Amino acid sequence: MTFKISLPEDRLEQQLPDKKPLLSFAEARTEAERCLYCADAPCIKACPTEIDVPTFIKKIASGNLRGAARTILEQNVLGYSCARVCPVEVLCQGSCVYEAWHKKPIAIGRLQRYATEHAGQGMFVPKALAPALVKRVACVGAGPASLAFAALLTLEGHKAIVLEKRALPGGLNTTGIAPYKLHAEDALHEVEEVTRLGVEIRTGVEVGRDVTAKSLLDEYDAVFLGLGLGEDTRLGIPGETGPGVVGATAWIEQMKLTKANGNAQLGRVLVVGGGNTGIDVAREAALLGADDVAMVYRRGAGDMSGYAHEMDGARKEGVRLVSNAVPVAFVRDGSGKLTALRVARGDNGKPVAGTEYELPCDLAALAIGQSKLRALAGQFPGVAVDARGCVVADVKTGATGNPKVLAGGDCANGGKEVVNAVAEGRDAARALLARWSTRSA
Amino acid sequence: MADLSIDFAGIKSPNPFWLASAPPSNTGEQVMRAFDAGWGGAVWKTLGDPIVNVTSRFGGIDYASQRMMGLNNIELITDRPLRVNLAEIREVKRRYPKHAVIASLMTETKNDWKTLIRKVEDSGCDGLELNFGCPHGMCERGMGSSVGQEPKLLEEITSWTKEFARTPVLVKLTPNVGDITEPGAAAKRGGADGLSLINTIKSLIGVDLDRLVPLPRVANASTNGGYCGPAVKPIALHMVAALARDEATRGIPISGIGGIGTWRDAAEFIALGATSVQVCTAVMHYGYRIVEDMIEGLSEYLDAHGMKSVRELTGRAVPAYREWGELDLAYKLVAKIDSRTCIGCQLCVTACNDGAHQCIFTGPEDRARPPHAHAHGLAIAPKPLIVGAIAGDRVPWVDEPECVGCNLCQLVCPVPGCITMEESRTGAPDTWNDRVATGRAHVPGGIHED
């Protein structure tokens with residue numbers, strides 16, 4: 001392990017406590033006993049990593065907590081963070097048969113957190129392979145996809161090295177999850193558990209700067225691209241450059257990882273975009289005491305890509321939605337200070353001429369997507385990038401145009417949930433293991 | 001409103017609901033609160049020479065979130081002086097003359113019984129209940145279930161008490177016997193006016209797996225206790241019904257005890273031959289207040305079924321309790337799943353497949369039956385596949401020709417009323433006894449065939 005968990009003590013994210021705190025013993029037991037233990041359960045099918053939900057819940061009910069955690073982690077090595085960050089409302093919990101029956105669905109995410117948080121250590125021991133059979137793999141990026149890929153190969157007896165350009169590993173789990181779901185130190189502790197299996201993480205190492213793609217391909221039996229996404233996308237409108245206009249993920253990362261100077265003085269906040277990142281920023285700003293928070297979205301509320309349950313949560317915290325508003329320009333005063341965002345009324349997302357008005361603001365966060373790391377992917381011969389900028393990889397096997405290179409997670413799927421990244425990383429490792437076992441047989 | 005009053009061997013009670021001899025009937029203050037809540041009678045916590053109790057005393061067994069499906073206790077008879085108990089009985093009878101107060105008794109020698117009965121009857125109680133059932137502590141001293149397990153001894157002591165008693169004598173039976181009709185008949189021969197059953201079942205409720213000591217723990221050990229509560233109800237129902245239909249005991253009034261917590265439980269005991277019912281665990285769990293629903297529910301039930309008195313219900317289901325050989329082999333049931341209320345949990349699918357007869361399936365394809373199936377060919381899926389209002393395409397379907405009507409799917413279904421068992425075809429009645437009588441009882445494949 002070459003990273004140290006060295007986070008400043010007084011970060012803004014620490015002002016935002018868990019919205020779903022750890023269940024007590026009594027709560028977990030009672031909830032677990034409500035589970036019907038469905039056969040061929042819909043919740044399993046709704047989980048991208050196919051965790052055997054009824055089985056782990058019955059183990060909580062019986063008091064077999066380590067067994068419950070084992071059931072979870074065997075399928076999903078990041079089962080702890082997924083328990084906290086998964087949109088369970090639209091995945092496992094949303095498919096609970098109680099939901100259709102108009103009863104309260106089982107709190108699957110919270111039970112999964114309970115089990116994984118009480119698991120203790122030493123649950124998994126990597127297989128011992130004869131030295132000649134041990135393969136070496138390198139992963140680029142230390143986010144969920146790479147960690148899942150590296151963990152499985154390590155447990156099967158192989159050697160996995162994970163390279164991370166940032167100072168801290170974990171990817172979005174560390175830098176980007178809304179603090180009321182998961183704090184950075186908890187994400188890092190989970191990464192630490194992965195390193196305990198034998199996965200080696202090297203932070204501060206950037207491919208193309210500190211090490212070349214060619215050397216990785218020469219030195220390792222396989223390379224996994226778990227690159228994630230790049231910088232926040234800009235609007236490209238007048239007045240955008242300058243203080244007060246920030247990228248959403250950059251702002252979140254700052255809030256989560258850096259030392260705060262007292263309370264946030266956010267003033268009036270506008271968040272541009274209608275996705276889940278935008279909703280996260282808006283909720284965080286509201287919870288941190290912003291005077292006013294509004295989301296600015298170019299289409300109608302029903303068109304937003306963010307989850308309805310997240311938007312409901314945001315509204316409860318006082319976030320307003322300005323719909324059918326297309327940003328036209330940022331307005332600054334003589335000193336360059338941001339004062340407003342000028343918008344035009346949107347007609348199906350397009351500005352209508354002559355309808356412009358100003359939304360006063362002190363801070364504007366852009367949550368309209370992130371760039372793709374085309375150049376980085378392009379350093380690996382044979383690896384193709386599609387029109388959207390995503391690495392072309394088979395979703396079930398991670399296979400790219402280069403037989404030695406696999407890919408998964410946001411860089412391949414364009415930006416989905418943590419649990420999707422875990423599934424893709426794990427499945428790529430499974431496919432690779434199958435390939436190796438066929439060849440050696 | 002149906003008449004709930006009863007006359008139990010001369011003991012009159014405004015309703016059939018009595019507190020069983022146990023902690024809820026330990027003191028006059030408690031019994032009077034119970035009568036205020038609506039209880040028709042109380043069997044006083046067993047009187048005799050006061051004892052010393054241990055702590056702890058109770059152990060429970062839970063089923064999922066339901067607490068105390070079963071309760072076990074190692075508490076003994078009253079630990080209070082006889083004089084105090086009798087003064088309280090006298091006070092209760094003075095204030096509640098129309099309620100039934102029955103004194104439960106336990107002692108040893110004939111002379112002790114004589115003395116105890118004389119003192120107790122002087123208190124004004126309406127009847128006596130001989131505790132020949134307690135399976136813990138007292139039985140080690142030659143009392144309780146050690147009497148109930150020896151029909152001759154039981155008969156003899158019962159006959160002593162009948163020499164001395166002016167009020168009706170009930171004998172409380174232990175279920176810790178091979179055949180309940182033997183002690184039942186012995187009690188009747190001894191002159192008992194009524195029977196009460198069941199007392200608790202000898203049990204160990206569990207083990208503290210950290211200390212490796214049985215429960216309930218008393219310092220570093222435990223002892224076997226008496227088991228009661230909802231879990232024992234089926235055992236009690238059988239024993240009550242067995243005495244109600246047995247020639248030797250038919251007609252003797254029975255006070256039914258064992259896992260009764262609702263009017264429905266009580267009605268089942270009464271239908272199987274009980275005149276009154278006694279309740280303990282449900283009161284220990286929820287308090288005296290539960291009797292309000294018991295009274296109202298039983299009354300509504302009797303009204304709905306055209307019965308003017310609870311006496312009309314007594315024993316009504318006894319004739320339908322038969323030997324296996326008298327059951328109709330031609331009677332057939334088939335499971336039907338209501339697609340409108342099915343929630344798609346598919347517990348019936350896995351229960352049928354692993355625990356029954358492999359005849360509930362999912363999905364649109366016709367399915368190969370298992371090699372041991374009775375029906376021939378494929379199990380035919382409904383066409384088009386049934387789409388449920390709640391469960392969508394997760395509604396299972398029943399391979400009706402293969403269904404043996406066992407009820408398991410209905411029993412595991414969490415949705416009340418979703419799976420029903422429907423009569424499919426009924427030929428002329430045919431019982432095993434008929435087959436034996438007419439030489440049609442041979443089933444191929446027996447142990448003497450190749």
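**Exercise 1.** At roughly what angle do the axes of helix H1 (residues 25–34) and helix H3 (residues 53–62) of chain A cross?

Before we start: this is a predicted model, where local features need pLDDT of at least 70, side-chain atom pairs count only at pLDDT 80 or more, and totals for chains, interfaces and linings use all residues. Residues are numbered from 1 along each chain as its sequence is written, with chains lettered from A and ligands numbered from 1 in the order in which they are written.

*Solution.* 
- Step 1: Find the helices, which are DSSP runs (H or I) of at least four residues, numbered from the N terminus.
- Step 2: The two axes cross at roughly 130 degrees and come within 8 Å.
- Step 3: So H1(A) is oblique to H3(A). Under 35 degrees is roughly parallel, over 145 roughly antiparallel, 65 to 115 roughly perpendicular, and the rest oblique.

**Exercise 2.** Say where Ala219(B) sits and whether this residue is buried or exposed.

*Solution.* 
- Step 1: Look in the loop between E13 and E14 of chain B, where Ala219(B) lies. Strands (E) are DSSP runs of at least two residues.
- Step 2: Check the backbone: Ala219(B) isn't a glycine, yet has a positive phi of about 55 degrees.
- Step 3: Ala219(B) has 9 C-beta neighbours inside 10 Å, so it counts as exposed. The cut-offs, for other C-beta atoms within 10 Å, are 20 or more for buried, 12 or fewer for exposed, and partly exposed in between, with C-beta atoms placed from the backbone.

Notes. Axes are lines fitted to C-alpha atoms, for helices over the stretch in contact, and angles run from 0 to 180 degrees between N-to-C directions.
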